[in-house]
Amino acid sequence: TILGNARRMQRLVDDLLDINRISRGHVELQRGRVELASVVRHAVEGAAPLSASFGHQVTVALPEEPIVVDGDPVRLGQVLGNLLNNACKFTPRGGRIVVHAAREGAEVVLRVRDNGLGIAADDLPRVLDMFSQVGDPVARTHGGLGIGLALAQRLVILHGGTLSIESAGPGQGTTVSVRL
């Protein structure tokens, strides 16, 4: 328990420091040619203990042909890791999480979809705000401080991409899309 709490605290502090560095313009991406499948595999492996503890079924759907993007593999992994952790935390026991990547025209789109708690339409505009927490306190039992999505969005923007969130409402799950 102590080790688990220490890891969560370290991640929280690291995320806060990253937000501060990004806000001040002190984050330089280590860009290069990155095969997206590798980033996805590492992020899914990293989230495996959390998803297993909830009994989630995690499915990965990647195209047969490699998708290569210009990016920082560590930071892209951080983005996907944050999205997967959120999906795990806000999807009830035994739920489903799907990670899907595809080319759409000149863009690469990476989606994390879950059948979890969902987000009310009124909350969608502010869910990406720093320290934003939506839903009732019971829904946030496993939540953090509202940093992960804001950090993920800022890292995606540094890559020249966009991050968007869709949900049909409470109980309808959530889809987070990253376009690069």
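The legends below describe close-up views of a predicted model.

In this predicted model, local features need pLDDT of at least 70 and side-chain atom pairs count only at pLDDT 80 or more, whereas totals for chains, interfaces and linings use all residues. Residues are numbered from 1 along each chain as its sequence is written, and side-chain values use heavy atoms, with hydrogens and water left out.

**View 1. The chain as a whole comprises four helices and seven strands.** Helices (H or I, at least four residues) and strands (E, at least two) are DSSP runs, numbered from the N terminus. From the N terminus on, the elements follow the order α-β-α-β-β-α-β-β-α-β-β. Of the 180 residues in the chain, 41% are buried, where buried means under 20% relative accessible area, exposed over 50% and partly exposed in between (1.4 Å probe, protein chains only). Among contacts (heavy atoms within 4.5 Å) between residues at least 6 apart in sequence, 70% join residues at least 24 apart.

**View 2. Helix H3 covers residues 73–89.** The expected span of a helix is 1.5 Å times one less than its number of residues, and for the 17 residues of H3 this gives 24 Å, which agrees with the 24 Å between its end C-alpha atoms. H3 is mostly covered, since 13 of its 17 residues are buried. At the start of H3, a side-chain oxygen of Asp 72 comes within 3.0 Å of the backbone nitrogen of Val 74.

**View 3. Helix H3 meets helix H4 (residues 148–158).** The two axes, which are lines fitted to C-alpha atoms over the stretch in contact, with angles running from 0 to 180 degrees between N-to-C directions, come within 9 Å and cross at roughly 150°. H3 is therefore roughly antiparallel to H4, a term that applies to angles over 145 degrees. On the H3 side the contact is made by Arg 75, Gln 78, Val 79, Asn 82, Leu 83 and Asn 86, and on the H4 side by Gly 148, Leu 149, Leu 151, Ala 152, Leu 155 and Val 156.

**View 4. Ser 51 sits in helix H2 (residues 36–53).** Ser 51 is buried, with a relative accessible area of 8%. Not counting residues up to four places away in sequence, Ser 51 touches His 56, Val 58 and Cys 88.

**View 5. Leu 180 lies in the segment after strand E7 (174–179).** Leu 180 is partly exposed, with a relative accessible area of 27%. Its contacts, not counting residues up to four places away in sequence, include Val 69, Leu 76, Ala 106 and Val 156. The C-alpha atoms of Leu 180 and Ile 157, 23 residues apart along the chain, are separated by 9.1 Å.

Notes: Polar contact = N/O pair within 3.5 Å; in protein donor to acceptor, adjacent residues only side chain to side chain. Parallel < 35°, antiparallel > 145°, perpendicular 65-115°, else oblique.
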